[in-house]
Amino acid sequence: TVTARIADVLLTQSLGSNPPVLSWTHEDIALQAGTVREVVSRNLKKFEKGGLVHLERGKIALLNTDALEKIRGL
């Protein structure tokens, strides 16, 4: 699913950073996930409401990587 691909991009691109923080735009994530920015924005808001990520201007902090791993489903 698109949601799983977005979770995969977040997890893959934050590897090695502690805490896991991504400095990518929604457009960057969309390109990597094979979708459009609007879909990424909707999913990130859903992830934020669920306590999986924290969104700041220019940064996405991954708060619950275990839950994102389950969504990724690899």
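This is a predicted model: local features need pLDDT of at least 70, side-chain atom pairs count only at pLDDT 80 or more; totals for chains, interfaces and linings use all residues.

Student: How many bridges join β2 and β3?

Tutor: β2 and β3 are joined by four bridges, again in the antiparallel sense. One of the bridge partners in β3 is Lys59, which faces Glu56. The hairpin of these strands has two residues between them, and Gly58 takes a positive phi near 80 degrees there.

Student: Why are β1 and β2 said to stand at the edges?

Tutor: The open sheet has three strands in the order β1-β3-β2. β1 (21–22) and β2 (53–56) each have a single partner strand, so one side of each is left without a neighbour in the sheet.

Student: What counts as a helix or a strand here?

Tutor: Both are DSSP runs, numbered from the N terminus: helices (H or I) have at least four residues, and strands (E) at least two. The chain comes to four helices and three strands, in the order α-β-α-α-β-β-α from the N terminus on.

Student: Why is the chain called as compact as a globular protein of that length?

Tutor: The radius of gyration is taken over C-alpha atoms, and the globule rule is 2.2 Å times the number of residues to the power 0.38. For 74 residues the rule gives 11 Å, and the radius of gyration of the chain is 11 Å, so the description holds.

Student: Why is α1 called roughly perpendicular to α2?

Tutor: The axes of helix α1 (residues 2–13) and helix α2 (residues 26–33) cross at roughly 115 degrees and come within 9 Å. That makes α1 roughly perpendicular to α2, for angles under 35 degrees count as roughly parallel, over 145 as roughly antiparallel, 65 to 115 as roughly perpendicular and the rest as oblique. Axes are lines fitted to C-alpha atoms, for helices over the stretch in contact, and angles run from 0 to 180 degrees between N-to-C directions.

Student: Which residues bring α1 and α2 together?

Tutor: Arg5, Ile6, Val9 and Leu10 in α1 meet Ile29, Gln32 and Ala33 in α2, where contact means heavy atoms within 4.5 Å.

Student: How do you know that α1 and α4 are oblique to each other?

Tutor: α1 and helix α4 (residues 65–72) pack at about 135 degrees, with their axes 8 Å apart. That angle is therefore in the oblique class.

Technical notes: Residues are numbered from 1 along each chain as its sequence is written. Side-chain values use heavy atoms; hydrogens and water are left out. Two strands pair if DSSP finds at least two bridges between them.
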